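Visitor: I am new to this structure. Could you show it to me and walk me through how its helices pack?

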Amino acid sequence: MPKRTTHEESTCPVARPLDVVGDGWTLLIVRDAFDGLRRFGQFQKNLGLAKNILSARLTNLVATGVFELAPAADGSPYQEYLLTEKGRALFPVITALRQWGDDWFFAEGEPRARLVDRASGAPVAPVEVRSADGRLLGPDDAKVLLP
């Protein structure tokens, strides 16, 4: 099997994080962590992912600081995977992906999971990109400056 290309030297802030979260399983693990899953067995059961693949993804997420290992909150001999500040910072990314998926991959009326405000139960407002002065920006309103 060919060795996977790394983006660690890239000047692109999209490319570098893809080394950490660039496959679908990893993003689904992070999604599940936001949904309250903490233990290896919970992730495995929910995703139906082979244990060796799940183990590799979790090991990478811990090594890159997205998760940290902690003793199980219930005092059992298990360990739990907890999102770090770096991991919790993925919330807008996961939310934007959820909203994009909701807009483009479901038929009208088709059942789907919904993200709602825990306090009010109302749907979460769409993720938006805004300028420093608060204007809503679209793809034609921004540009990348290369180093």
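Guide: Gladly! Helix α3 (residues 40-47) and helix α4 (residues 51-63) pack with their axes 10 Å apart, at an angle of about 125 degrees. This is a predicted model, where local features need pLDDT of at least 70, side-chain atom pairs count only at pLDDT 80 or more, and totals for chains, interfaces and linings use all residues. Residues are numbered from 1 along each chain as its sequence is written, and side-chain values use heavy atoms, with hydrogens and water left out.

Visitor: Why are α3 and α4 called oblique to each other?

Guide: Angles under 35 degrees count as roughly parallel, over 145 as roughly antiparallel, 65 to 115 as roughly perpendicular and the rest as oblique. The angle here is about 125 degrees, and α3 and α4 are therefore oblique.

Visitor: Which residues make the contact between α3 and α4?

Guide: F40, F43 and Q44 of α3 meet K51, L54, S55 and L58 of α4, where contact means heavy atoms within 4.5 Å. By class, this contact has 4 nonpolar, 2 polar and 1 charged residues. Ala, Val, Leu, Ile, Met, Phe, Trp, Tyr, Cys and Pro count as nonpolar, Asp, Glu, Lys and Arg as charged, and the others, Gly among them, as polar.

Visitor: What makes the buried residues of α2 line one face of the helix?

Guide: In helix α2 (residues 24-34), the buried residues are T26, I29, V30, D32 and A33; buried means under 20% relative accessible area, with a 1.4 Å probe and protein chains only. Viewed down the axis of α2, they fall within an arc of 160 degrees, so they line one face. The arc is that of the directions from the helix axis to the C-beta atoms. Their cover includes α1 (15-21), α3, α4, β1 (67-71), β2 (79-83) and α6 (91-104).

Visitor: How do you know that α2 and α4 are roughly perpendicular?

Guide: Their axes come within 10 Å and cross at roughly 70 degrees, so α2 and α4 count as roughly perpendicular. W25, T26, I29 and V30 in α2 meet I53, L54, R57, L58 and L61 in α4. That contact has 7 nonpolar, 1 polar and 1 charged residues.

Visitor: And why are α2 and α6 called roughly perpendicular?

Guide: Here the angle is about 105 degrees, with the axes 11 Å apart, and α2 and α6 are therefore roughly perpendicular as well. L27, V30, R31 and F34 of α2 make the contact with F91, I94, L97 and R98 of α6. By class, it has 6 nonpolar, no polar and 2 charged residues.

Conventions
Axes are lines fitted to C-alpha atoms, for helices over the stretch in contact, and angles run from 0 to 180 degrees between N-to-C directions. Helices (H or I, at least four residues) and strands (E, at least two) are DSSP runs, numbered from the N terminus. Buried means under 20% relative accessible area, exposed over 50%, partly exposed in between (1.4 Å probe, protein chains only).
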